[in-house]
Amino acid sequence: MIKSINLSWVSQTSLTNLNSGEGGSNYIDVKKYKWQGEEYPYVSGQAMRFYLKEAIRRQEDYKLSCIPNDKGESCGDVENCQLCDLFGFMTTKKKEGRSKGNAMIRVSPVKVSPAIGLLPFDENSNVDFLTRKKRDTLNTTELGGDIVNVEMGMNIYKCGIAIDVVRIGREEVIAEGERRTLKLTDLINEEERKNRIINVMNAVLNIADYSKQARLLTDFTPDFLICSAQNVYNHKLQKAIEMNDIALNIQRFKEVIKEVIDEGGTVYVGMRAGLFENEEEIIDACRGLGIEVKQPNEVIKEISKKVTEDVIS
């Protein structure tokens, strides 16, 4: 019985700016974090959730996903809106008559990590200079407009999502009795619950709609992908990927994967050629764990097939 699904992946980008920081009036920087005194780029979890939501919206009929109103509140209709079901919401309930207004909150069953850059930013970055030409200067021969500097870089990002399968398409209700307990109420049937889970995984293969793509087109889909279908809920798989320069830390990879398998999980690994320096070691390590390395899109097909055929909690 599948209770959780984890995906952890690495993606190499071209020269780009996937998520801007505070910057200044004419300076668009890249969001960064510090590790041991050096700066690395990252894409916030909020931005990653937006990219995944837009990918899901593109995959299905647009009517199946709401758009937040002018207050940023979504519809809250878990039964009919897959984005409200998958990513949760907080919306207000209007006061009616003498009743008090309150807030409706759904905790997201899909957890998304920030995408963290694994290579130092200063060693792989540049500042691009451009001008915003003003309309009233278009017919003159003089240069005019605002000068803008855009910070951008190449990097390798690590990303992850965890899907709390038990809570997809369901609502938690407090059952009163001798003891107060939680009860899960089905809002959609099992086939639709599985369809929504598969939509999330397919979105990882089609993730797009990042910022600055008009001038800095890049692809952010997985070059190396690990997926697990587990009968317990945890985030352990997210620790399987650690890099030493451009090589995967094989010892850590094997330890984490073995632990997930020992807990009864099924693990899939997909890899595109040309990212890691130690690709043969990765293939050998997977073979030793009984895993055949495939392409990332084949891995998503396999785990989707398992979700379709197996019982989900």
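Is aspartate 284 buried, partly exposed or exposed? Aspartate 284 counts as partly exposed, at 44% relative accessibility; the partly exposed class lies between buried, under 20% relative accessible area, and exposed, over 50%, with a 1.4 Å probe and protein chains only. The model is predicted, and local features need pLDDT of at least 70, side-chain atom pairs count only at pLDDT 80 or more, and totals for chains, interfaces and linings use all residues. Residues are numbered from 1 along each chain as its sequence is written, and side-chain values use heavy atoms, with hydrogens and water left out.

Aspartate 284 has a charged partner in arginine 287, with the closest N and O atoms 2.9 Å apart in a salt bridge. The term salt bridge denotes a side-chain nitrogen of Lys or Arg within 4 Å of a carboxyl oxygen of Asp or Glu. Both residues belong to helix α5 (residues 279-288), where they stand three residues apart, about one turn of the helix. Helices (H or I, at least four residues) and strands (E, at least two) are DSSP runs, numbered from the N terminus. Arginine 287 is exposed, its relative accessible area being 56%. Elsewhere, salt bridges with shared partners join Asp85, Arg106, Glu192 and Arg196 into one network.

At the N-terminal end, asparagine 189 caps α3 through a side-chain oxygen that lies 3.3 Å from the backbone nitrogen of glutamate 191. Because they are four residues apart in α3, arginine 196 and glutamate 192 are separated by about one helical turn. Arginine 196 is buried, at 2% relative accessibility, whereas glutamate 192 is partly exposed, with a relative accessible area of 27%. Other buried residues of α3 include Ile197, Ile198, Val200 and Met201.

Side chains of opposite charge can pair when their charged atoms come close. The count for the model comes to 20 salt bridges. One of them joins glutamate 151 to lysine 32, the closest N and O atoms being 2.9 Å apart. This pair links distant parts of the chain, with glutamate 151 in strand β10 (residues 146-153) and lysine 32 in strand β3 (residues 32-35), 119 residues apart. Glutamate 151 counts as buried at 9% relative accessibility, while lysine 32 is partly exposed at 24% relative accessible area.

Strand β1 (residues 4-12) holds asparagine 6, which is buried with a relative accessible area of 0%. The side chain of asparagine 6 makes a polar contact of 2.9 Å with that of glutamine 238 and another of 3.4 Å with that of glutamine 230. A polar contact is a pair of N or O atoms within 3.5 Å; within protein, one must be able to donate a hydrogen and the other to accept it, and residues adjacent in sequence count only if both atoms are side-chain atoms. Not counting residues up to four places away in sequence, asparagine 6 also touches other residues, among them Ile161, Ala162, Cys227 and His235, where contact means heavy atoms within 4.5 Å.
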